[in-house]
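Look at the sequence and the model first, then read the points below.

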Amino acid sequence: MHGNMNFKEDIVAGLNADQKYLPSRYFYDAEGDKIFQEIMKMPEYYLTKSEFEILSTQAEDILAAIKANGREFDLVEFGAGDGYKTKILIEKLIDAGAKFRYIPIDISKDVLINLKADFQKLFPNLEIRPENSEYFQALEEINNKSQNPKVVLFLGSSIGNFREDSTVKFLNGLNNKLNKGDYTFIGFDLKKNPNIILDAYNDKQGITKAFNLNILKRINGELGADFNIADFDHYPYYDPESGFAKSYIISLKKQRVNIRDLNQSFDFESGEAIHTEISRKYTTHQIEVLFKNAGFNVSKHFYDSRHYYVDTLAEKI
Ligand code: AVJ
């Protein structure tokens with residue numbers, strides 16, 4: 001799902017911090033991608049099912065709300081991954097008579113090669129133009145090459161993984177790279193009964209636990225560390241007031257871990273928590289404020305039938 005970025009530097013920074021942390025973007029190596037596929041299939045993990053329902057039942061309404069006036073548009077996607085959700089949207093958009101090109105953006109070349117091959121087979125008449133770079137850099141490239149209006153997809157509640165300041169920076173940065181009349185279509189997980197949310201990150205089978213602990217395995221494999229995985233647990237937590245679902249890895253005993261490639265040892269107290277992930281939940285009102293402050297006009301909210309999740313279409317003004 002993601003390339004290597006500054007794995008080593010980020011691990012050093014996180015484990016040396018007073019409150020230790022490990023960035024969740026490093027969950028996604030080949031093994032992590034596989035575990036995430038399992039998570040998406042879990043009955044507790046409603047997010048994927050909700051968004052899939054929205055995309056498969058409301059594509060005509062989504063198309064009607066994108067005022068492309070029959071003009072061809074560029075359907076741009078940030079962090080396309082395996083395209084599981086995008087497939088259904090593209091299929092339904094084609095059925096509804098939309099004219100568009102598909103431009104998936106990902107920093108992983110492998111992801112784009114697989115995605116293009118897969119999608120070209122499914123949609124032989126669709127023009128696919130992958131961009132292999134950072135999101136905002138790719139938008140600049142697209143601006144240079146294309147006059148088409150853009151619809152930028154950011155699905156899967158990935159925006160929920162940003163801290164508050166990064167969310168604002170992200171939306172401002174996106175607005176900056178768009179032209180007046182371009183759209184963005186972003187998936188947000190909504191506040192709901194906190195028990196339902198906590199269950200999604202606290203499955204009984206331990207799949208989410210394995211997903212979190214996989215980052216320790218990665219550090220063992222890629223930096224020569226000696227984390228004993230059995231000496232760590234996973235602790236998910238949801239605060240209904242802030243809407244933050246947070247995940248932690250907990251040290252089950254006082255222990256010292258050596259990381260060979262860093263030439264450094266790290267001490268853990270018994271019960272010490274390493275913060276790994278934020279998955280933020282929103283109200284519709286909070287989403288509207290976010291967009292408004294970043295220079296967007298909310299065109300329409302597309303909810304699933306349970307109102308667990310929303311895909312919001314917003315226009316740059
Ligand atoms: C893919 C980042 C949206 O935060 O809900 C699933 C990842 N973490 N279970 C999320 C995840 C634990 C997921 N995102």
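Helices and strands here are DSSP runs, numbered from the N terminus. The model is predicted. Helix 2 (30–41), helix 10 (207–223) and strand 9 (273–282) each give at least two residues to the shell around the ligand.

**The ligand and its shell**
- Of the 13 residues around the ligand, the ones that come nearest are Tyr-45, Asn-161, Tyr-201, Glu-277 and Ser-279.
- By class, the shell has seven nonpolar, five polar and one charged residues.
- A polar side-chain atom of Tyr-45 lies 2.6 Å from an oxygen atom of the ligand.
- An N or O atom in the side chain of Tyr-201 is 2.6 Å from an oxygen atom of the ligand, and for the side chain of Ser-279 the distance is also 2.6 Å.
- The ligand taken alone exposes 350 Å², and the protein buries 97% of that.

**Aromatic rings**
- The whole structure holds 30 aromatic pairs.
- Phe-27 and Tyr-28 have ring centres 6.5 Å apart and planes at 45°, so this pair is tilted.
- Phe-27 is buried at 0% relative accessible area, and Tyr-28 is buried at 11%.
- Phe-36 and Phe-211 have ring centres 5.9 Å apart and planes at 25°; the pair is stacked because planes under 30 degrees apart count as such.
- This pair links distant parts of the chain, with Phe-36 in helix 2 and Phe-211 in helix 10, 175 residues apart.
- Ring pairs join Phe-27, Tyr-28, Phe-36, Tyr-45, Tyr-201 and Phe-211 into a cluster.

**Helix 8**
- Helix 8 (residues 164–177) has 14 residues and should span 20 Å at 1.5 Å a residue, which agrees with the 20 Å between its end C-alpha atoms.
- Its buried residues include Thr-167, Phe-170, Leu-171 and Leu-174.

Methods:
Residues are numbered from 1 along each chain as its sequence is written. This is a predicted model: local features need pLDDT of at least 70, side-chain atom pairs count only at pLDDT 80 or more; totals for chains, interfaces and linings use all residues. Side-chain values use heavy atoms; hydrogens and water are left out. Helices (H or I, at least four residues) and strands (E, at least two) are DSSP runs, numbered from the N terminus. The expected span of a helix is 1.5 Å times one less than its number of residues. Buried means under 20% relative accessible area, exposed over 50%, partly exposed in between (1.4 Å probe, protein chains only). A residue is near a molecule or strand if one of its heavy atoms lies within 4 Å of it. A polar contact is a pair of N or O atoms within 3.5 Å; within protein, one must be able to donate a hydrogen and the other to accept it, and residues adjacent in sequence count only if both atoms are side-chain atoms. Accessible areas come from the Shrake-Rupley method with a 1.4 Å probe; for residues, only the protein chains shown count as cover. Ala, Val, Leu, Ile, Met, Phe, Trp, Tyr, Cys and Pro count as nonpolar, Asp, Glu, Lys and Arg as charged, and the others, Gly among them, as polar. Rings of Phe, Tyr and Trp (its six-membered ring) pair if their centres lie within 6.5 Å; planes under 30 degrees apart count as stacked, over 60 as edge-to-face and the rest as tilted.
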